[in-house]
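Please read the points alongside the sequence and the model.

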Amino acid sequence: MPTFLDFEKPIAELQGRIDELRETAADGAVDIDAEVNRLQAKSDKLLRDTFAKLSPWQKTQVARHPERPHFKDYVAGLFDEFVPLAGDRAFGDDRAILGGFARFRGRRVVVLGHEKGDDTASRLRHNFGMGKPEGYRKAIRLMGLADRFGLPVLTLVDTSGAFPGMEAEERGQAGAIARSTEAALALGVPMVAAVVGEGGSGGAVALAAGNRVLMFEHAVYSVISPEGCASILWRTADRAADAAEAMKVTAQDLKALGVIDTIIPEPVGGAHRYPAGAIGALSTAIEGALNELADQSPDDLRRGRREKFLNMGRG
């Protein structure tokens, strides 16, 4: 059973009643199938209705759900022959940003993405998906290899933002993010970016400046977190829900604004409830995007990418 979010309490209560009934009838003395089926149908309908009208703040909570698929899950489900590459050849290796060579549906590709981790130990090891300068320099190195060998670049974006610590600033965080964004825009090969959870600030854009930007239905993508925005505007993070509404962080808002190209549907209740279904939908969307870009020349790819981002915000 997934971890329920605050707004899912009515669904959690129904599931709790179903579990209690099943435990009561575990010895087979009581036939509770009809009641369980009735409650399960009610729970399924409530789940569908709830997720059909999520607010931006609720979508933010879903995007952050700890049980959503992570980079390692997407690599296992999407790619064959994944060969990880480490290090920036200058300082060290950043485990918040991972990447390497792989095969996607028979195509040789370079894949990059944020890894948040899925338990305390792995979250600490991967720094909660918050990249440091060496992570973005690693991304630049891998994008350079992709360009050199003519391989498409696929990125999986899921970060609350780049790491803001003093050591990151001392090692040139802002410059590394800017150069990673520049490297993406200069690629002469197709680049497809997918926002699979949180797309936070420049730490996300540095891996998302692609020819096609895909986004899961309940993912979010913004220049700052709703809590950060609320703290700046209203001096309190308690108004994060108001900030999320105003910032247009949802896939639906961003598609209407031209920031992203494709919304990928999630299983009912979010990607964490049926990871295999979410990964399959992402695979289909990536395949479609790569097919659209396959015949474009390097100059056309660069021009299209540049025009795409320059046109954002122009009414």
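1. In this predicted model, Asp300 has a relative accessible area of 35% and is therefore partly exposed. Its side chain meets that of Arg303 in a salt bridge, with 2.7 Å from N to O. Arg303 is likewise partly exposed, because its relative accessibility is 43%. Both residues belong to helix H14 (residues 298-310), where a spacing of 3 residues separates them by about one helical turn.

2. A salt bridge also joins the side chains of Glu266 and Arg68, at 3.1 Å from N to O. Glu266 sits in the loop between strand E8 (262-264) and helix H13 (275-293), and Arg68 in the loop between helix H3 (56-63) and helix H4 (71-78), so the pair ties together parts that are 198 residues apart in sequence. Are these two residues buried or exposed? Glu266 is buried, at 9% relative accessible area, and Arg68 is buried as well, at 3%.

3. Arg95 and Asp93 form a further salt bridge through their side chains, at 3.9 Å from N to O. Arg95 is partly exposed, with a relative accessibility of 38%, and Asp93 is partly exposed at 34%.

4. How many salt bridges does the structure hold? The count is 21. A network of them links Arg64, Lys116, Asp158, Glu198 and Glu227. Side chains of opposite charge can pair when their charged atoms come close. Across the protein chain there are 40 positive and 44 negative side chains, and 6 Å lies between the centres of the two sets.

5. Tyr221 is found in strand E7 (residues 220-222) and counts as buried, with 10% relative accessibility. Leaving aside residues up to four places away in sequence, Tyr221 touches a set of residues including Val195, Ala204, Met215, Lys248, Leu254 and Ile260. Asn127 is 94 residues from Tyr221 in sequence, and their C-alpha atoms are 20 Å apart in space.

6. As for the chain overall, the secondary structure consists of 14 helices and 8 strands. The radius of gyration is 21 Å, close to the 20 Å that the globule rule gives for 315 residues, so the protein chain is as compact as a globular protein of that length. Its C-alpha atoms fill a box of roughly 70 × 50 × 45 Å along the principal axes.

7. Of the 315 residues, 48% are buried. The accessible surface of the protein chain is about 14600 Å², and carbon and sulfur atoms account for 53% of that surface. Among contacts between residues at least 6 apart in sequence, 72% join residues at least 24 apart.

Technical notes: Residues numbered from 1 in each chain as written. Predicted model: local features only at pLDDT ≥ 70, side-chain atom pairs only at ≥ 80, totals over all residues. Heavy atoms only, no water. Helix = DSSP H or I, 4+ residues; strand = E, 2+ residues; numbered from the N terminus. Rg over C-alpha atoms; globule rule 2.2 N^0.38 Å. Buried < 20%, exposed > 50% of the residue type's maximum accessible area, 1.4 Å probe, protein only. Contact = heavy atoms within 4.5 Å. Areas by Shrake-Rupley, 256 points an atom, 1.4 Å probe, with all protein chains shown as cover. Lys, Arg positive; Asp, Glu negative; His and termini not counted. Charge placed at Lys NZ, Arg CZ, Asp CG, Glu CD. Salt bridge = Lys/Arg side-chain N within 4 Å of Asp/Glu carboxyl O.
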